[in-house]
Amino acid sequence: MSKVHVMDHPLIKHKISYIRREDLGSKDFREMISEIAMLICYEATRDLKLQDVRIKTPICEMIGKELAGKKLAVIPILRAGLGMVEGMLAMIPAAKVGHIGLYRDPETLKAVEYFCKLPADCEERDVFLVDPMLATGASSVEAVRMLKDKGVKNIRFLCIIAAPEGVKRMQEAHPDVDIYIGALDEKLNDHGYIVPGLGDAGDRVFGTK
Ligand code: URA
């Protein structure tokens, strides 16, 4: 079964409470989402491999540590996931960025692909799939399936707020994908929104409401 990491850092808790407020404008919302993504990325990269590197400080030579050169990719699920990309790249600037677009079929309620552009060598990369809200889990489950179909083997999913229903669905569908969650909320409402949540993350990032 996959590991679920719910963030317990005070800065993350503070910033998530901030973005939940309905009177927070898009500019501040965007900035905060980016900062939170950066902090979650910090936790989600804890196990990246290191290698020794000989360096010379102004004082002497020493053996330091550097990332072992594993290739990384950040893949936002459109459109709200775009809000997390800048923060992720602040932590892992060498990562390539792909995009996955899914919409919900109003009749079947299934997630349907409308866009997929991934780094050419994505199957060699460790992928950080990002979407601020893990609600029903339909789109993240489908996005992971798309990545696996392209041969990606190492996938982590990062979100800012999750509902227990979405976490369960992801774990059942993809037990090999670890999940990093800023805050685990109570439930989904009848419209598929997370409660208490923060509303529609895409609208709040892009000011479309
Ligand atoms: N997507 C959102 O943007 N918000 C929710 O609460 C659920 C899904």
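## A salt bridge to start with

The side chain of arginine 54 meets the side chain of glutamate 61 in a salt bridge, with 3.0 Å from N to O. Keep in mind as you look at the structure that this is a predicted model.

## Salt bridges along helices

Let us move on to helix α4. Here the side chains of arginine 145 and aspartate 149 form a salt bridge, with 2.3 Å from N to O. Why are these two residues about one helical turn apart? They are separated by about one helical turn because they sit four residues apart in helix α4. Arginine 145 is partly exposed, at 35% relative accessibility, whereas aspartate 149 is exposed, at 56%.

Glutamate 172 and lysine 168 form a salt bridge, and their closest N and O atoms are 3.1 Å apart. Both residues lie in helix α5, four residues apart, which is about one turn of the helix. Glutamate 172 has a relative accessible area of 53%, so it counts as exposed. Lysine 168 is exposed too, with a relative accessibility of 52%.

## A network, and the total

Some salt bridges share partners: Asp47, Lys70, Asp126 and Arg156 are joined into one network in this way. How many salt bridges does a search of the whole structure find? The search finds 17 of them.

## How helices cross

Two packed helices are described by two things: the angle between their axes and the distance between the axes. Is the crossing of α4 and α5 left-handed or right-handed? This crossing is right-handed.

Now turn to helix α1, residues 10–20, and helix α2, residues 26–44. The axes of α1 and α2 come within 10 Å and cross at roughly 155°. Angles over 145 degrees count as roughly antiparallel, so α1 is roughly antiparallel to α2. The crossing of α1 and α2 is left-handed.

## Two cis peptide bonds

Another cis peptide bond runs from valine 195 to proline 196, with omega near 0°. Proline 196 is in the loop between β13 (194–195) and α6 (201–206).

## A nonpolar patch on the surface

Finally, look at the surface around valine 4. Val4, Val6 and Leu184 form a nonpolar patch there, and together they have about 220 Å² of accessible area. Valine 4 has its place in strand β1, which covers residues 4–6. Its relative accessibility is 34%, so valine 4 counts as partly exposed.

Key. Residues are numbered from 1 along each chain as its sequence is written. This is a predicted model: local features need pLDDT of at least 70, side-chain atom pairs count only at pLDDT 80 or more; totals for chains, interfaces and linings use all residues. Side-chain values use heavy atoms; hydrogens and water are left out. Patches are made of residues with over 30% relative accessible area and no salt bridge: like charges are joined within 9 Å, nonpolar side chains (Val, Leu, Ile, Met, Phe, Trp, Tyr) within 5 Å. Accessible areas come from the Shrake-Rupley method with a 1.4 Å probe; for residues, only the protein chains shown count as cover. A salt bridge is a side-chain nitrogen of Lys or Arg within 4 Å of a carboxyl oxygen of Asp or Glu. Buried means under 20% relative accessible area, exposed over 50%, partly exposed in between (1.4 Å probe, protein chains only). A crossing is left-handed if the near helix is turned anticlockwise from the far one by less than a right angle, and right-handed if clockwise. Axes are lines fitted to C-alpha atoms, for helices over the stretch in contact, and angles run from 0 to 180 degrees between N-to-C directions. Angles under 35 degrees count as roughly parallel, over 145 as roughly antiparallel, 65 to 115 as roughly perpendicular and the rest as oblique.
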